[in-house]
Amino acid sequence: MQNGCICCGRCQSACPRRAISYQDDTALFLEDLSRGTAISLLVAPAVHSHFISSAKLLGYLKQAGVRSIYNVLMYADIAIWAYVEVLRQRPNSGFIASPCAAVSSFVQCHLPRLRQRLMPVLSPLQCTAIFLRKYKKTEEKLAFLSPCIAKRAEMRTVGGSVISYNVTIGRLKQYLSEQDVDLDGCRAFDFDDAAGGNGKTLGFYGGLRESVSPHIPTGRFEKISGPGVYKYLIDYMATTRRIGTLPDLVEAYNCVNPCDGGPGTGLGPATSPSRKRFDAAIPKSAENHREVLEMFRRFDRELDPADFVASY
Ligand code: SF4
Ligand code: SF4
């Protein structure tokens, strides 16, 4: 980020010689794991799209020494709760959602006048890490199994550096292939927190806007993803001069298929059959909405919103 690179990954696919690579922490993670370092893994939902059996991959990682494996999608409920709180307390403020690390970096590096519009809430990943550290008292190091190369910078600049390794799906796949690892032969393993399923908001509705909007009935939302997002943000900055024209929340993503097709997956955009499967497995219902409201009331009692604030 110091040199203005936001880790969007465009140059990787643009180079005809495939000569451009990226930095992640997969090698260090595997090395530390083999040395016996206590590490738990936070897993992005994209993992289901990029491995034929994500359960067998988790089994392999467990066998390799990972202490506990957590489903980030479940803890996204905390981020949604925090978004709803901010949108209720600061109506008509015009926020840009901040879970896309490349977009947040772009705003911070290249459009600093928009920094104040970045939603001051940690990403679902960072909410997961903070919750595990502060409320579950986990002490081991944390790694993220990630589709994203931009998350590495986020881990170092937002959320207090709670996560030590950005392990990209692409590099992990490469390692497994080089080591001839047969995942079919591994025992399947579910998340350590599998009882919570995929949570009641993002994992249920499939999107941030869809999860937040039932709680902000008069809100105006927009979503943009893919290469056009940067031009959109530049135009958006021009419109901030005209008060009253901004949506309450703009969801802006670097990737066309956020985040399943992230630049750290190595294989380009995913077809994501697994993701579709588990979205469809959960019926959308009024009952879920009641459960979400009950969960938000529990968060009000048990969580300190200040723990999940992001400063940009
Ligand atoms: S990752 Fe994106 S911002 Fe960084 S050098 Fe490549 S194209 Fe430019
Ligand atoms: S949309 Fe792409 S760049 Fe943004 S957080 Fe997701 S994977 Fe990373």
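Ligand 2 sits among C100, A101, A102, P147, C148, A150, Y253, N254, C255, P258, C259 and G262, where a residue is near a molecule or strand if its C-beta atom, placed from the backbone, lies within 6 Å of it. This is a predicted model, in which local features need pLDDT of at least 70, side-chain atom pairs count only at pLDDT 80 or more, and totals for chains, interfaces and linings use all residues. Residues are numbered from 1 along each chain as its sequence is written, while chains are lettered from A and ligands numbered from 1 in the order in which they are written.

**The two ligands**
- By class, the shell of ligand 2 holds 10 nonpolar, two polar and no charged residues; here Ala, Val, Leu, Ile, Met, Phe, Trp, Tyr, Cys and Pro count as nonpolar, Asp, Glu, Lys and Arg as charged, and the others, Gly among them, as polar.
- Around ligand 1 you will find C5, I6, C7, C8, G9, R10 and C11.
- That shell of ligand 1 comprises five nonpolar, one polar and one charged residues.

**Overall build**
- The protein has 14 helices and seven strands, taken as DSSP runs numbered from the N terminus (helices: H or I, at least four residues; strands: E, at least two).
- Its radius of gyration, taken over C-alpha atoms, is 19 Å, close to the 20 Å that the globule rule gives for 312 residues, so the protein is as compact as a globular protein of that length; the rule is 2.2 Å times the number of residues to the power 0.38.
- The C-alpha trace spans about 60 × 50 × 35 Å along its principal axes.

**The four-stranded sheet**
- Strands in the order β2-β1-β4-β5 form an open sheet with parallel pairing; two strands pair if DSSP finds at least two bridges between them.
- At the edges are β2 (69-71) and β5 (165-168), each pairing on one side only.
- From one strand to the next, the twist averages 25°; axes are lines fitted to C-alpha atoms, for helices over the stretch in contact, and angles run from 0 to 180 degrees between N-to-C directions.
- Strand β1 (residues 39-43) runs parallel to β2 and is joined to it by three bridges, and L41 has I69 in β2 as its bridge partner.

- Two bridges link β3 in the parallel sense with strand β7 (residues 249-253), and F95 stands opposite L249 in β7.

**Helix packing**
- Helix α5 (residues 72-89) and helix α7 (residues 124-135) have axes that come within 8 Å and cross at roughly 90°.
- That makes α5 roughly perpendicular to α7, the label for angles of 65 to 115 degrees (under 35 is roughly parallel, over 145 roughly antiparallel, the rest oblique).
- In this contact, V72, Y75, A76, I78 and A79 of α5 meet P124, L125, C127, T128 and F131 of α7; residues are in contact if their C-beta atoms, placed from the backbone, lie within 7 Å.
- The contact of α5 with α7 divides into nine nonpolar, one polar and no charged residues.
- α7 also lies across β1, β2 and β4 (141-146), running at about 145° to β1.
- Helix α9 (residues 169-178) lies across β4 and β5, at about 65° to β5.

**Backbone points to check by eye**
- The peptide bond from P258 to C259 is cis, with omega near -15°, and C259 lies in the loop between β7 and α13 (273-280).
- N92, although not a glycine, has a positive phi of about 60°; N92 belongs to the loop between α5 and β3.

Note on methods: Contact = placed C-beta atoms within 7 Å.
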